[in-house]
Amino acid sequence: MSPLKLSVVGLALILAACSGDSIGGGLAGGGGTINWIHYDIDYTPITDISFAGGSGELLTQIFGNPFSLPQEQFDKAVTDAMYGAHFGPPTHFTTTPVGDFRRMFYVRLVFGSSFPVSINTICVAPPEPPRIGANQGEVRISAAFCQEGRPLTYLEGSGKGYSGPTDARFVQFIKLVTFNLFPPQNPELRRGQPDNCRFPSC
């Protein structure tokens with residue numbers, strides 16, 4: 001996706017955020033839909049994302065795999081799709097970051113786990129992954145940008161009809177998920193504006 005196109009998509013998503021945490025019919029992209037988003041009041045995009053990706057890498061933990069291929073291949077396809085789709089400095093999302101320093105920030109992506117994943121558990125309890133390929137072509141995702149065990153941002157989404165993790169529609173869906181985990185504005189900070197507007201120009 002070109003930078004211009006990504007900017008246009010991002011603007012549309014920020015406008016959609018004016019409706020609140022629950023997105024009604026959802027935000028669609030790549031044949032998938034984001035059904036619910038939550039932003040913590042403490043999420044500060046410039047500061048948090050700069051710290052999180054300061055080393056050039058951000059720990060990304062992926063649980064589950066809806067396709068019939070090795071987990072490592074699925075993980076790489078997902079993290080490759082995430083690159084460049086977020087607000088902030090260039091950051092490589094990786095399941096194997098270099099270095100052993102303490103990582104306060106991390107991302108968790110959960111694909112169709114049988115474990116009861118929620119906004120309250122996703123950052124602290126590693127869910128039980130489903131059998132690889134158990135839901136071939138159908139994807140359910142819960143995702144969070146975490147700081148020391150609590151979600152700064154959280155969303156839930158779903159999609160279907162994907163041929164695999166390199167399917168262009170699946171790649172675009174993951175980009176949509178990534179952008180909404182790392183938006184350039186925190187809609188929660190706009191509460192209290194006239195008509196409860198949550199868009200920066202209000």
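Where is the place of Y43? In this predicted model, local features need pLDDT of at least 70 and side-chain atom pairs count only at pLDDT 80 or more, while totals for chains, interfaces and linings use all residues. Residues are numbered from 1 along each chain as its sequence is written, and side-chain values use heavy atoms, with hydrogens and water left out.

View 1. Y43 lies in the loop between strand 2 (32-39) and helix 2 (45-52), where helices (H or I, at least four residues) and strands (E, at least two) are DSSP runs numbered from the N terminus. Y43 counts as buried because its relative accessibility is 0%, the cut-off for buried being under 20% relative accessible area (1.4 Å probe, protein chains only). Leaving aside residues up to four places away in sequence, Y43 touches several residues, among them D48, F145, P183 and L189, contact meaning heavy atoms within 4.5 Å. The C-alpha atoms of Y43 and P183 are separated by 9.8 Å, although these residues are 140 residues apart along the chain.

**View 2. Strand 3 and its partners.** Of the 7 residues in strand 3 (residues 57-63), 6 are buried. Strand 3 runs parallel to strand 4 (residues 92-94), joined by 3 bridges, and L58 stands opposite F93 in strand 4. Strand 3 also pairs in the parallel sense with strand 5 (residues 105-111) over 4 bridges, with I62 opposite L109 in strand 5; two strands pair if DSSP finds at least two bridges between them.

Note on methods. Buried means under 20% relative accessible area, exposed over 50%, partly exposed in between (1.4 Å probe, protein chains only).
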